[in-house]
Amino acid sequence: MDALLANLLSPPILFFFLGILAVLVKSDLEIPQTTVRFLSLYLLFSIGFRGGAELRHAGLSGEIVGTLGLAILLAIVQPLWVFALLRRKMGVPNAAAIAACYGSVSAVTFITAVSFLQQRQEPFGGHMVAAMALMESPAIIVGVFLARRFGAQPVPAEGTAGRRHRLRDLLHEALTNGSVLLIVGSLLIGYLSSPVETEDVRHFTDFIFKGFLCFFLLEMGMLATKRIGVLRNAGFTPLLVALLVPLAGALTAWLVGAWLPIPLGDRLLLMVLGASASYIAVPAALRISLPDADPGLYVPMALGLTFPFNVLVGIPLYYLLLTSM
């Protein structure tokens, strides 16, 4: 409960609530859009670079490679079925954005799970931080690809060659998207950089990260509150998705992880990664990559519904599942 309270009262989350308050009291507080774009790019760079550095530090044993591969697989598969579930109900842009958020991860939820393990003196591997970073990119790629593929005009029926060319163009666009390129490139650079050089960059990626995150979530709070009517008008679908998709993701990670020699602590973190939804890196990317998607849907779902569910109920439930089998 102490770890839960500490995370709920952390400055970034409180700034999110400040953004909500600013809109409710009709304040003239506003963050320039150029600043918001910089914050988005900075968060993507920082998360990617730190994940690459952690991956280099942990090395690449067979167990670690298997765990990272499973994390990437979860980040690819989950957006596909979430998109298929929501496409007709919410439209292509919103379904793709929600799918990307739920294929990706929440760093704060991950940190809460780490605190949960530490309280129980349960060991876990440092490479799980890299797994968290690696799950950001595939989810964004799949989300952008789905939005471009199903939001575009139908492919002319001249033959299979034309269809292959069309799909190749869509995949190229998803992979070379600026947000995707930045986070993947930052991860590779963090992995290739020497420890001394990484330490120098940490002043930019680590020490000011939380301050920039506060500003980003302040803007997200204002934006989500301004569009909260969209979530209300969407009916029960967002609520069901925000509660059931995490359970499905955690169960999938639990079932697949049972086939690999992964320690209990790593398995819990993998379940948490499969269950959580991104409200930092992916929304930062979607603001640039999918401007047609409504943040009033995917941000409140991830932060306002899925995050508290995982922190209050999910993490203890996943741990109970692991220890009772």
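Two residues are in contact when heavy atoms of theirs lie within 4.5 Å. With that in hand, this report looks at a predicted model, beginning with the whole chain and ending with two single residues.

**The chain as a whole**

The secondary structure of the protein chain consists of 17 helices and zero strands. Of its 325 residues, 50% are buried. The chain exposes about 14900 Å², and carbon and sulfur atoms supply 67% of that area. Contacts between residues at least 6 apart in sequence can also be sorted by separation: 88% of them join residues at least 24 apart.

**A pair of helices**

How do helix H4 and helix H15 pack? Helix H4 covers residues 62-90 and helix H15 covers residues 264-275; their axes are 10 Å apart and meet at an angle of about 20°. Angles under 35 degrees count as roughly parallel, and H4 and H15 are therefore roughly parallel to each other. The crossing of H4 past H15 is right-handed.

Which residues meet between the two helices? On the H4 side they are Glu-63, Thr-67, Leu-70, Ala-71, Leu-74 and Gln-78, and on the H15 side they are Asp-266, Leu-270 and Gly-274.

**Two residues compared**

| Residue | Location | Relative accessible area |
|---|---|---|
| Thr-306 | helix H17 (residues 295-324) | 1% |
| Glu-122 | loop between helix H6 (107-119) and helix H7 (127-134) | 22% |

Is Thr-306 buried or exposed? Buried means under 20% relative accessible area. Thr-306 is buried because its relative accessible area is 1%. Leaving aside neighbours within four places in sequence, Thr-306 is in contact with Tyr-102, Ala-242, Pro-246, Ala-275, Ala-277 and Met-301. With one of these, Tyr-102, the side chain of Thr-306 also forms a polar contact of 2.6 Å.

Glu-122 has a relative accessible area of 22%, so this residue is partly exposed. Not counting residues up to four places away in sequence, Glu-122 touches Leu-117, Leu-264, Gly-265 and Tyr-319.

How far apart are Glu-122 and Asp-266? In sequence they are separated by 144 residues, while in space the distance is 9.5 Å from C-alpha to C-alpha.

Methods:
Residues are numbered from 1 along each chain as its sequence is written. This is a predicted model: local features need pLDDT of at least 70, side-chain atom pairs count only at pLDDT 80 or more; totals for chains, interfaces and linings use all residues. Side-chain values use heavy atoms; hydrogens and water are left out. Helices (H or I, at least four residues) and strands (E, at least two) are DSSP runs, numbered from the N terminus. Buried means under 20% relative accessible area, exposed over 50%, partly exposed in between (1.4 Å probe, protein chains only). A polar contact is a pair of N or O atoms within 3.5 Å; within protein, one must be able to donate a hydrogen and the other to accept it, and residues adjacent in sequence count only if both atoms are side-chain atoms. Accessible areas come from the Shrake-Rupley method with a 1.4 Å probe; for residues, only the protein chains shown count as cover. Axes are lines fitted to C-alpha atoms, for helices over the stretch in contact, and angles run from 0 to 180 degrees between N-to-C directions. Angles under 35 degrees count as roughly parallel, over 145 as roughly antiparallel, 65 to 115 as roughly perpendicular and the rest as oblique. A crossing is left-handed if the near helix is turned anticlockwise from the far one by less than a right angle, and right-handed if clockwise.
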